Amino acid sequence: MSRGAVLLTATVPAAACFACAKGRALPMTTLAPKSDLAEWIYHLFIQVTLWDALILVIVVTAFILAVFVFSSRVGEAAPPSSAASDLGLEIAWTVGPALILLMISIPTVRTIFRSQPRLVPAGSLVIKVTAHQWWWEFTYQDSGVMTADELHIPTGRPIRLHLLSNDVIHSFWVPQLGGKRDVVPGQMNELTLQAFVPGTYLGQCAEFCGLSHANMKFRVMVETPDQFATWQRSEQGAPAAANQNTSPAAIEGARIFANSPCTTCHRIDGVSKGYIGPDLTHFGSRTTLAGGVLSNTPANVAKWVTDPEAIKPGAQMPRLGLAGEQLNALVAYLESLK
Ligand code: CUA
């Protein structure tokens, strides 16, 4: 290996770690845990890495000794060893690896049991997570609130996620909060965690699930209990009714929506009962759309409605063929759904 390559292999991980240490520069890092689950996994990783480093030191030391101290040079008389076996050495290289495995397996098995409690912890907030090609649906068991691609949870309360898939195998992963846990059709998997620090954490489907697997992103908004309660209240029931502040475009958009094929796929409380696509009841209150790929702005909603396939290859949503005033009206209506 050239000196340049050695330098590169040493500097790149070091620089990456430094960036992690700086915090939010790497939103998909597992090295800045923000929940109990992520912290247990992080501590296990550090422990195993330290054992690995110790093994590396021992192997490299033995290697250097063998090459530079105990080897014979060219021309040097080197009598062959007459020993048929060395009991001491044989015991050492049997017991050594067994001890290493033990030191790694004890914390691993402990973390597995700790991170997968069979019983739902007392006071848990139970949320059903349904994976679809390619978006995430979240349903809160107690309040009945339904949302898509943006999971809101409070700090300091156990969160119990019931993971289900509507089609193929996906995997739920929020690097700073926990996972990965496979989301399998016909089987309910569970994930339990408690978040510590309010913030927005990025998630990503971590199991290849088709054309737009990479576009199956989501966000977890960790909030203080008060902020969460406020959010949950605002998401309950039908969206605010049209009043004198509602723009004429939004009122026209409501009419277009009610008479469009959108109603077959999308539910809006009090308006439509579709269930194939995301619930749009409070669409205007979300920060993203299309599986977390686009930020929720009128221009992006228009772009998405005009040609979903261009943004998410394989998307099931058809083109609606709306343009001009009609498109603007529909977008104004969707954005008004707070
Ligand atoms: Cu869902 Cu990959």
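Q: Why is Arg255 called partly exposed?
A: Arg255 has a relative accessible area of 45%. Buried means under 20%, exposed means over 50%, and partly exposed is what lies in between (1.4 Å probe, protein chains only). Arg255 therefore counts as partly exposed. This is a predicted model, in which local features need pLDDT of at least 70 and side-chain atom pairs count only at pLDDT 80 or more, while totals for chains, interfaces and linings use all residues. Residues are numbered from 1 along each chain as its sequence is written, and side-chain values use heavy atoms, with hydrogens and water left out.

Q: What makes Glu252 and Arg255 a salt bridge?
A: The closest N and O atoms of Glu252 and Arg255 are 2.9 Å apart. A salt bridge needs a side-chain nitrogen of Lys or Arg within 4 Å of a carboxyl oxygen of Asp or Glu, so the pair qualifies. Glu252, at 31% relative accessible area, is partly exposed.

Q: Why are Glu252 and Arg255 separated by about one helical turn?
A: Because they are three residues apart in helix 5, residues 248-258. Helices are DSSP runs (H or I) of at least four residues and strands are runs (E) of at least two, numbered from the N terminus.

Q: How do you know that Asp307 and Arg319 form a salt bridge?
A: Their N to O distance is 3.3 Å, which is within the limit, so the pair counts. Asp307 lies in the loop between helix 7 (298-306) and helix 8 (308-311), and Arg319 in the loop between helix 8 and helix 9 (324-336), so the pair ties together parts that are twelve residues apart in sequence. Asp307 is partly exposed at 21% relative accessibility, whereas Arg319 is exposed at 60%.

Q: Which residues do salt bridges with shared partners join into one network?
A: Arg267, Asp269 and Asp279. One of the links is between Asp269 and Arg267, at 3.8 Å from N to O. The structure holds five salt bridges.

Q: Why are helix 2 and helix 3 called roughly antiparallel?
A: Helix 2 (residues 36-69) and helix 3 (residues 87-115) pack at an angle of about 175 degrees, with their axes 10 Å apart. Axes are lines fitted to C-alpha atoms, for helices over the stretch in contact, and angles run from 0 to 180 degrees between N-to-C directions. Angles under 35 degrees count as roughly parallel, over 145 as roughly antiparallel, 65 to 115 as roughly perpendicular and the rest as oblique. The pair is therefore roughly antiparallel.

Q: How do you know whether Phe68 is buried or exposed?
A: Phe68, in helix 2, has a relative accessible area of 57%, so it is exposed.

Q: What makes the phi of Asp149 worth a note?
A: Most residues other than glycine have a negative phi, and most peptide bonds are trans. Phi of Asp149 is near 60 degrees, a positive value. Asp149 lies in the loop between strand 3 (146-148) and strand 4 (150-154) and is buried, at 4% relative accessible area. Ala290 also has a positive phi, about 60 degrees, and is buried at 11%.

Q: Where are the cis peptide bonds that involve Trp134 and Lys180?
A: One joins Gln133 and Trp134, with omega about -5 degrees. Another joins Gly179 and Lys180, with omega about -10 degrees. Trp134 lies in the loop between strand 1 (125-132) and strand 2 (135-140), and Lys180 is in strand 7 (residues 178-183).
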